[in-house]
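Subject: The structure we talked about

Hi,

Here is the structure for you to look through. Open it up first, then read on for what turned up in it.

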Amino acid sequence: MTPFTENVIEIIRSIPEGKVMTYGQIAGLAGSPRAARQVVRILHSMSRAHRLPWHRVINAKGQIALQDDESYNEQLLSLEAEGVEIGLNGVIDLGKYQWRPHNK
């Protein structure tokens with residue numbers, strides 16, 4: 001596993017309940033600001049094995065990015081269960097819900 005991948009996993013694990021982070025934000029904190037798509041790949045391939053709270057990761061527009069209805073609804077319901085309010089078109093208020101780790 002590369003250091004970048006390890007950092008991404010650690011950052012995603014640190015997202016507290018009721019908060020979200022963007023793919024690009026995670027990539028930047030992990031050391032590669034242009035690697036948002038790599039964060040997507042890591043989430044897709046490693047979420048289950050590493051028990052990552054994948055549902056807390058959204059796109060830069062504050063939206064649930066999943067296109068598949070079942071996965072979209074699973075993410076939406078998981079976030080709502082944690083108290084995150086979801087607006088029209090799956091938009092989340094980043095000003096209110098975005099997690100910004102203090103030590104990074």
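How many helices and strands are there in the chain? There are 5 helices and 2 strands. Keep in mind that this is a predicted model. If you read along the sequence, you will see the pattern α-β-α-α-β-α-α.

Now for the overall dimensions. The C-alpha atoms fill a box of roughly 35 × 30 × 20 Å, taken along the principal axes. A compact globule with 104 residues would have a radius of gyration near 13 Å, and the chain has 13 Å, so the two agree. Of the 104 residues, 41% are buried.

Next, the salt bridges. As a bit of background, side chains of opposite charge can pair when their charged atoms come close. Searching the whole structure turns up 2 salt bridges.

One of them joins Glu82 and Arg56, whose closest N and O atoms are 2.7 Å apart. Glu82 sits in the loop between helix 4 and helix 5 (94-97), while Arg56 sits in the loop between helix 3 and strand 2 (57-58), so this pair ties together parts that are 26 residues apart in sequence. Are these two residues buried or exposed? Both Glu82 and Arg56 are buried.

Another salt bridge runs between Lys96 and Glu85, with 3.6 Å between the closest N and O atoms. Lys96 belongs to helix 5 and Glu85 to the loop between helix 4 and helix 5, so to speak two distant parts of the chain, 11 residues apart. Lys96 counts as partly exposed because its relative accessibility is 41%, which falls between the 20% and 50% cut-offs.

Which residues form a negative surface patch? Asp68, Asp69, Glu70 and Glu74 do. Glu70 is found in helix 4 (residues 69-81). With a relative accessibility of 63%, Glu70 counts as exposed.

Finally, have a look at helix 3 (residues 36-50), where you will find Val40. Val40 has a relative accessible area of 37%, so this residue is partly exposed. Although Val40 and Tyr23 are 17 residues apart along the chain, 6.9 Å separates their C-alpha atoms. Arg41 is in helix 3 too, and at 49% relative accessibility Arg41 counts as partly exposed.

Cheers

Key. Residues numbered from 1 in each chain as written. Predicted model: local features only at pLDDT ≥ 70, side-chain atom pairs only at ≥ 80, totals over all residues. Heavy atoms only, no water. Patch = residues over 30% accessible without salt bridge, like charges linked within 9 Å, V, L, I, M, F, W, Y side chains within 5 Å. Areas by Shrake-Rupley, 256 points an atom, 1.4 Å probe, with all protein chains shown as cover. Salt bridge = Lys/Arg side-chain N within 4 Å of Asp/Glu carboxyl O. Lys, Arg positive; Asp, Glu negative; His and termini not counted. Charge placed at Lys NZ, Arg CZ, Asp CG, Glu CD. Helix = DSSP H or I, 4+ residues; strand = E, 2+ residues; numbered from the N terminus. Buried < 20%, exposed > 50% of the residue type's maximum accessible area, 1.4 Å probe, protein only. Rg over C-alpha atoms; globule rule 2.2 N^0.38 Å.
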